[in-house]
Amino acid sequence: MSAVCAAGASYKGCSTRFTSGLRLSSLMLSALLTSTLVRAADVVSAAANPLAQPKSMQQVGVPVAATHAAIPADNPQTPGKVALGQRLFFDARLSADGTIACSTCHDPARAFTDGKPVSTGIGGRAGQRNAPTILNALYNATQFWDGRAATLEQQAALPIVNAVEMGQPSLDAAVARIAAIPEYQQAFRTAFGAAPDGPNLVRAIAAYERSQVSFDSPFDHYITGEHDAIDAAAQRGWELFNTRGRCNKCHALSEDKRDTTNFTDNDFHNIGVLIVRHDVVKLAKQARDLLGSGDAAAIDRAAIQTDMSALGRFLVTKKEPHIAAFKTPNLRNLLLTAPYFHDGSHATLWDVIDHYNKGAGLNNPYLDEDIVPLALSERDIDDLVAFLASLTSPAYNDAAAIELKRQRELSRTTRPQRDTARAFGPKPVRPKPPTDGGAGPHAGN
C-alpha cells in the first residue's frame with residue numbers, strides 16, 4: 001500500500017453531445033472543447049494533491065493484520081488499480097452533469113469530508129446526511145451512517161446513481177461517460193485486463209479508498225510509550241474517555257478493553273440527536289410500507305432524498321429498536337471533519353460533549369440506555385477535547401491547530417447544547433415506546 005502517483009497529464013477524446021439540428025460556431029465549439037480539457041486537467045491536478053495520495057503502511061499505530069484482513073479476496077490491492085481509483089475519485093465526469101465527483105463531498109483537505117452539515121449534489125440539491133470521512137473506512141464493518149452498504153464497493157456505487165448526489169440513471173451511464181477516453185481504456189486494461197465496466201469501476205474506487213489509512217498521531221506515539229507525546233490535559237481526557245465520560249460505551253469494541261485503534265464498536269445507537277424535527281411514527285410506517293427488505297437503491301434514495309433519513313438504521317432492518325439509530329463513527333482527525341453527527345447539527349467538539357453531558361433525549365423512548373447525565377466540569381470537557389485533538393495525523397496538524405483555535409473561541413461565547421442543570425441532575429425517567437410502532441412526534445433532545 002505504498003504511495004502511488006496518478007498517471008498521465010491530460011485526457012483526450014472526450015465526447016460532446018449535440019442537440020439535433022443545433023449548429024455551433026467554431027468559436028463556441030473551441031470554447032467547449034477547451035472547457036472539457038481544462039476539467040480533465042483539473043482531475044489530474046486534484047488527484048495529485050499530496051493529501052490525496054495513498055498512504056504508507058509505515059505509520060505508528062497502523063493495525064497491520066486488520067489492514068490486510070480488510071482487503072477482500074476478490075479485489076486485491078494493486079498499484080494500477082489504486083491509481084485508476086484515485087483518478088476516478090476526482091473525476092466529475094462520473095456525474096450526470098459533470099459537476100460532482102466523489103471528492104466533492106470527500107475533500108482530502110478536509111480529511112475527506114466537505115465541511116457542510118449535509119452534502120450537496122448536482123444542481124445544488126441538498127441531501128439529508130453529513131459526509132463521513134473516507135479515512136480508515138476500510139476498517140468499517142458497514143458503510144454509511146445507517147450501514148446500508150456492506151462493502152466499500154457497494155458504497156462507491158450508490159452515490160453515482162442517487163438523483164441528489166451524482167445523478168446518473170445507472171452505473172452503465174457513468175461508465176459510458178469515461179469509456180471512450182483513451183487514458184481510461186488503457187488504465188482499466190492495466191488494472192483489470194478488460195475494458196471499463198461498472199463492477200470494475202467501483203472496485204477501483206474502493207481500492208483507492210482502502211489506501212487511505214491515517215494514523216501516526218500524537219496519541220499513537222503516546223500509546224507506544226512516548227509519554228510526552230501528548231500533554232497532561234489530553235492524558236486526563238483519555239482517562240475520562242474510558243471512565244466518567246462513558247465514551248468507551250460506544251467508541252470501543254469492549255468496555256473492558258481500551259480501544260487505541262479505531263474507537264468504534266461498529267454498532268448503531270440512538271443518541272438523541274434532533275429527531276424532534278420529525279414525526280417518526282409516520283416515517284416508520286412509510287418506511288415499512290415503501291421499502292422492500294434488501295432493496296439497496298430504494299433505501300439509499302430514502303436516506304439521502306427524504307425525511308425518512310431520520311430513521312437511521314431502521315431503514316435497513318425495519319426493527320423498532322433501531323429507530324433513529326446511527327453508526328458509531330471513527331474519531332480520528334475529528335478537528336477536520338466538523339460539523340458533527342449524521343445531520344451535521346453540532347458545530348464544535350464542545351457542542352458534541354455538551355450534548356452527551358446533559359444526557360440528551362428527555363422524551364426519546366429509543367434513546368440508547370448508556371446515554372445518561374455525566375456531570376462533567378468545564379475542565380473535564382476541555383480535557384476530552386484535548387484528547388480528541390491528539391488523534392490528528394501529521395498531515396493535518398496545521399489545519400487542525402487552526403480549527404481547534406476557532407472551535408475553542410466559539411465555545412467561549414456560543415454553547416447551544418449546554419445544560420448544566422441536566423448534566424448534574426439525576427438520570428431522567430425513560431418513556432416507554434409507543435404501541436403503534438413509532439417513537440412519536442415529540443421524541444428528541
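**Exercise 1.** How many salt bridges does a search of the whole structure find?

*Solution.* The structure is a predicted model, in which local features need pLDDT of at least 70 and side-chain atom pairs count only at pLDDT 80 or more, while totals for chains, interfaces and linings use all residues. Residues are numbered from 1 along each chain as its sequence is written, and side-chain values use heavy atoms, with hydrogens and water left out. A salt bridge is a side-chain nitrogen of Lys or Arg within 4 Å of a carboxyl oxygen of Asp or Glu, and the search of the whole structure finds 18 of them.

**Exercise 2.** Locate D300 and R148, which meet in a salt bridge, and decide whether each is buried or exposed.

*Solution.* The side chains of D300 and R148 meet at 2.8 Å, N to O. D300 lies in helix α12 (residues 296-305), whereas R148 lies in the loop between α4 (102-105) and α5 (152-160), 152 residues apart; helices (H or I, at least four residues) are DSSP runs, numbered from the N terminus. Buried means under 20% relative accessible area, exposed over 50%, and partly exposed in between (1.4 Å probe, protein chains only). D300, with 3%, is buried, and R148, with 10%, is buried.

Conventions
Helix = DSSP H or I, 4+ residues; strand = E, 2+ residues; numbered from the N terminus.
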